[in-house]
Amino acid sequence: MSYRNFLKPSPEVASALAANRAVVALESTVIAHGLPRPQNLETAQRLEQIVRQEGSIPATIAVLSGRLCVGLDQGQLEQLASSDDIRKLSTRDLAIAVARAWNGATTVASTMRIAHRTGIKIFATGGIGGVHRGSLPDVSADLPELARTPMIVVCSGAKIVLDLPATREWLETYGITVVGYGCDEMPAFYSRRSGLAVDVRGDSPEEVTQLFRTQRELGVESALLVTVPVPVAAEVPVEALKKILDQALADAEQSNVSGRDLTPFLLARMAQLSEGATLRANIALLENNARVAAQIGSQLSQA
Ligand code: PSU
Ligand code: MN
């Protein structure tokens, strides 16, 4: 393979972009490392289906045999969900993955990079990475990527395992506008409440589209972060959440888990400790965010 051919939009995604139809990017780390089997494949398929129901084209992004694939077929989704040989690739890993012909799932950071490069304007995920708790400063590459990539990112805030106030400060410092979609407070992933402020409330795709267009006119280079609370029925009560989280954090420290393994470890441990409650919340918010992103995408693709 010539290294020049490494960026591979699927035919469907390429023709949708050429026709200025709405395309919604979806990440793959959540499939390969964020959710357990078999819910991971079911959720990946469901997210694509939801995007289609809203009249947009889904583009799940991953690296397969060193190709940056934008829009996956059924077999590729199955491979990501079931193979034990899928790395977790952030932006720093992309060139290496191309050079070594790796298979890997993309994080928020690397998904944004690839999506933006392909011409996709909107991306849906669960929770972004951020500033981790603890003394060693471990800051997700998701944050600097949000600071330098002008696209709309729809999420339910940063993952609850993080230092949320520190993450909120980081977003502010680097000029990333945070929209509360139907809410006045930044959601906290499994929980609708964080006590942290959003910059503006937005209640419709039109409002978000207008903010994004103004940013483009101004040459703002950072992302517009649209935060959507987990649906009420799936929310995990804060008190239960706090206990589970403290236990998971203690377990991670005891087992010396760090670096790229930390987030997947914490998510899996919390799902066990909550007997699936956090997993149900995670799936519900992913589905809801995909729907909201597709609705904003449709609005954005209208002239
Ligand atoms: N949100 C989820 N599940 C996940 C992730 C986010 O609901 O698995 C993933 C995203 O891909 C995000 C990554 O980019 O976790 C952050 O990892 P780290 O903290 O190592 O940067
Ligand atoms: Mn990290």
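**Exercise 1: Thr-125**

Thr-125 counts as buried because its relative accessibility is 2%, where buried means under 20% relative accessible area, exposed over 50% and partly exposed in between (1.4 Å probe, protein chains only). This is a predicted model, where local features need pLDDT of at least 70, side-chain atom pairs count only at pLDDT 80 or more, and totals for chains, interfaces and linings use all residues. Residues are numbered from 1 along each chain as its sequence is written, chains are lettered from A and ligands numbered from 1 in the order in which they are written, and side-chain values use heavy atoms, with hydrogens and water left out.

Task: find where Thr-125 sits and what it touches.

Step 1. Look in the loop between strand E7 (122–124) and helix H7 (142–148); helices (H or I, at least four residues) and strands (E, at least two) are DSSP runs, numbered from the N terminus.

Step 2. Leave out residues up to four places away in sequence, and Thr-125 touches Glu-27, Val-108, Val-153, Val-154, Cys-155, Leu-286 and Asn-289. Contact here means heavy atoms within 4.5 Å.

Step 3. Now try Met-270, 145 residues apart from Thr-125 along the chain: their C-alpha atoms are separated by 19 Å.

**Exercise 2: sorting a lining**

Task: work out how the residues of the lining of the largest pocket divide into nonpolar, polar and charged.

Step 1. Set the classes: Ala, Val, Leu, Ile, Met, Phe, Trp, Tyr, Cys and Pro are nonpolar, Asp, Glu, Lys and Arg charged, and the others, Gly among them, polar.

Step 2. Sort the lining, and you get 11 nonpolar, 13 polar and 8 charged residues.
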